[in-house]
Amino acid sequence: MHPQLRSWYQRLSPAQQEAVSHINFLAEELRAHLLLEQFYLGFAILTDAVQQLHPSIPCPSGCSTCCEQGPPSQVTALEWELMVLGLRELPLPKLQAIITRSQAYQAGQPCPLLDQGQCSVYALRPFHCRAMGYCTIQAGETRLPMTCAPEQQRIQRALQGPFPSPAFMFLPQAEALYAHVQAMEPEIAALTDWLNTSSLV
Ligand code: SF4
Ligand code: SF4
């Protein structure tokens with residue numbers, strides 16, 4: 001702390017010092033959230049560029065099969081904090097239904113946040129969900145599109161080339177981007193674990 005600020009701080013009453021600490025804490029939290037939101041915004045610009053460069057690559061719009069069948073997304077603590085803001089905006093019966101689905105969740109079932117084919121907190125969904133269809137991911141010796149198996153076959157046909165296509169070299173790499181998300185907050189857990197261990201109502 002700057003010496004002048006420190007002497008000003010030391011002249012405050014304990015209650016005022018506590019208030020200042022609280023404000024600082026909130027400012028730090030806000031800064032972290034803003035960083036994550038800026039990252040999401042940057043990634044949205046990147047996915048637009050992918051879409052323009054390779055119109056055949058992104059998933060067909062309106063598909064939610066990976067939300068229905070995929071394993072629960074991995075979510076960092078900071079991503080979860082943003083998701084909680086969206087979850088708390090939901091009508092209480094919807095939120096309670098999500099919690100009930102999460103508590104009963106078993107592998108292969110739809111993501112508890114999926115509601116009539118739509119994500120309940122789409123604007124605040126975590127990076128893992130945002131990356132589907134737009135990134136590549138390491139698979140053994142090669143890189144493949146980060147997407148479902150039928151979609152990989154569709155892309156292979158659309159590109160009519162060897163698989164993996166050289167075009168994938170220009171797609172963002174999911175692991176490299178995820179390193180940025182985890183640099184903001186390394187704690188990570190499955191979405192269902194966050195849902196089952198947080199007090200949301
Ligand atoms: S990855 Fe596959 S299942 Fe998921 S949205 Fe894209 S096309 Fe649908
Ligand atoms: S959080 Fe939303 S986008 Fe991600 S799997 Fe669940 S329903 Fe789909």
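**Close-up views of a predicted model**

**View 1. Ligand 1 and the residues around it.** Ligand 1 has C59, P60, C63, T65, C66, M132, T147, C148 and E151 around it, each with a heavy atom within 4 Å of the ligand. This is a predicted model, where local features need pLDDT of at least 70, side-chain atom pairs count only at pLDDT 80 or more, and totals for chains, interfaces and linings use all residues. Residues are numbered from 1 along each chain as its sequence is written, chains are lettered from A and ligands numbered from 1 in the order written, and side-chain values use heavy atoms, leaving out hydrogens and water. Ligand 1 takes up the space of the largest pocket. A pocket here is an open set of points on a 1 Å grid over the protein atoms alone, where a 1.4 Å probe fits, with protein on both sides within 12 Å along at least five of seven lines.

**View 2. M132, one of the residues around ligand 1.** M132 belongs to the loop between α6 (127-131) and β4 (136-139); helices (H or I, at least four residues) and strands (E, at least two) are DSSP runs numbered from the N terminus. Setting aside neighbours within four places in sequence, M132 touches C59, C66, M146, T147 and C148, with contact meaning heavy atoms within 4.5 Å. C111 is 21 residues from M132 in sequence and 15 Å away in space, C-alpha to C-alpha.

**View 3. The surroundings of ligand 2.** C67, C111, L113, L114, C119, C129 and L191 surround ligand 2. By class, that makes seven nonpolar, no polar and no charged. Ligand 2 sits in the largest pocket, as more than half of its atoms lie within 2 Å of the pocket's grid points.

**View 4. Helix α2 against helix α4.** The axes of α2 (residues 14-53) and α4 (residues 77-88) come within 10 Å and cross at roughly 90°; axes are lines fitted to C-alpha atoms over the stretch in contact, with angles from 0 to 180 degrees between N-to-C directions. The two helices are therefore roughly perpendicular (65 to 115 degrees). E29, A32, H33, L36, E37 and Y40 of α2 meet L78, E79, E81 and L82 of α4. Sorted by class, these contact residues are five nonpolar, one polar and four charged.

Terms used:
On a 1 Å grid over the protein atoms alone, a cavity is a set of points where a 1.4 Å probe fits but cannot get out, and a pocket is an open set with protein on both sides within 12 Å along at least five of seven lines; lining residues have an atom within 4 Å of a point. Angles under 35 degrees count as roughly parallel, over 145 as roughly antiparallel, 65 to 115 as roughly perpendicular and the rest as oblique. Ala, Val, Leu, Ile, Met, Phe, Trp, Tyr, Cys and Pro count as nonpolar, Asp, Glu, Lys and Arg as charged, and the others, Gly among them, as polar.
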